[in-house]
Amino acid sequence: MSLWALVPLKTLGQGKTRLMPELPFLGRQRLVETMLDRVMEALAGSELVEHIAIVGSDPDQCPPAVFHLQDAGHGLNHALTMATQQLHTAGADELLVMHADLPLVRSEEIDALILAGRRRGLALASDRHGQGTNAIFLSQPGTFPFRFGRHSLMRHMAAAEASGLRPALSQAPGLLFDVDTAQDLSMLASMQMTVGASISTACRSISHG
Ligand SMILES: Nc1nc2c(ncn2[C@@H]2O[C@H](COP(=O)(O)OP(=O)(O)OP(=O)(O)O)[C@@H](O)[C@H]2O)c(=O)[nH]1
Ligand SMILES: O=C(O)[C@H](O)COP(=O)(O)O
């Protein structure tokens with residue numbers, strides 16, 4: 001078995017546009033980089049993930065030892081579908097898709113998601129609003145359609161039902177917490193956890209207007 005993690009990543013500077021009113025270009029860029037570092041660390045610490053790939057437009061954003069797959073620019077679902085096909089051809093027979101904006105995610109949470117997904121064939125990690133999808137584990141990549149976008153959790157659940165699958169659902173805190181809005185950043189700051197300097201700076205710049 002060969003298990004790949006696939007992380008979609010918008011070009012630096014184009015991501016986290018909902019934070020534009022609160023964070024200047026450089027602040028958003030630093031935040032995206034810091035969150036990506038956290039996600040990469042957690043994936044590298046997983047006992048089950050064997051390879052890591054990023055699908056994006058800019059190979060320079062890809063850390064060493066991580067494979068870069070080119071995004072053709074037709075949106076997130078298309079990018080993930082094409083990347084999945086490429087990884088399947090390269091020998092991936094299990095796939096974990098995980099977003100790059102999960103600063104609190106831990107390796108143990110990732111491994112628990114994978115193990116639960118192996119039992120059911122599919123695992124979904126929702127956001128904390130129960131609306132979005134922050135991660136998907138597939139034991140048969142290529143057969144499940146990506147439905148990221150508004151209310152993606154409901155759409156992924158419907159796709160699972162159509163495929164005869166009953167997905168495992170993760171409630172792990174680090175997988176629930178994605179950073180999209182100023183409120184998410186403030187929450188991260190108020191958790192009084194040891195967060196990276198870039199995230200702390202971003203949070204401070206918001207709380208000081
Ligand atoms: N390769 C690729 N990654 C994407 C695309 N759209 C979103 N992503 C990534 O998918 C994940 C989830 O995206 P969002 O939560 O919407 O984050 P975002 O697009 O940076 O935020 P907004 O600009 O505020 O919508 C993040 O890792 C993004 O970098 C896309 O079109 N292509
Ligand atoms: O469900 C989704 O499409 C992803 O989680 C992104 O949703 P978000 O932009 O609300 O984080």
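## Ligand 1

A polar contact is a pair of N or O atoms within 3.5 Å. In this predicted model, arginine 18 meets that cut-off with ligand 1: a polar atom of the arginine 18 side chain lies 2.9 Å from a ligand oxygen. Lysine 10 also reaches ligand 1, with a side-chain N or O atom 2.7 Å from an oxygen of the ligand. For aspartate 101, the distance from a polar side-chain atom to a ligand 1 oxygen is 3.1 Å. On its own, ligand 1 exposes 620 Å², and the protein buries 85% of that.

The shell around ligand 1 holds 16 residues. Pro8, Lys10, Lys16, Thr17 and Asp71 are the closest. Ligand 1 sits in the largest pocket. Strand E1 (3–9) and strand E2 (51–56) are the elements that give two or more residues to its shell.

## Ligand 2

Glycine 149 uses a backbone N or O atom, 2.8 Å from a ligand 2 oxygen. Aspartate 178 has a polar side-chain atom 2.9 Å from an oxygen of ligand 2.

## Helix H6

Helix H6 spans residues 182–190, and Ala182, Asp184, Leu185 and Leu188 are buried in it. These four lie on the same side of H6, because they cover an arc of only 160 degrees around the axis. Gln183 and Ser190 are exposed, on the face turned away from the buried side.

Key: Residues numbered from 1 in each chain as written. Chains lettered and ligands numbered in written order. Predicted model: local features only at pLDDT ≥ 70, side-chain atom pairs only at ≥ 80, totals over all residues. Heavy atoms only, no water. Buried < 20%, exposed > 50% of the residue type's maximum accessible area, 1.4 Å probe, protein only. Arc of directions from axis to C-beta. Polar contact = N/O pair within 3.5 Å; in protein donor to acceptor, adjacent residues only side chain to side chain. Near = heavy atom within 4 Å. Areas by Shrake-Rupley, 256 points an atom, 1.4 Å probe, with all protein chains shown as cover. 1 Å grid on protein atoms, 1.4 Å probe; cavity = no way out; pocket = protein on both sides within 12 Å on 5 of 7 lines; lining within 4 Å. Sits in = over half its atoms within 2 Å of the grid points.
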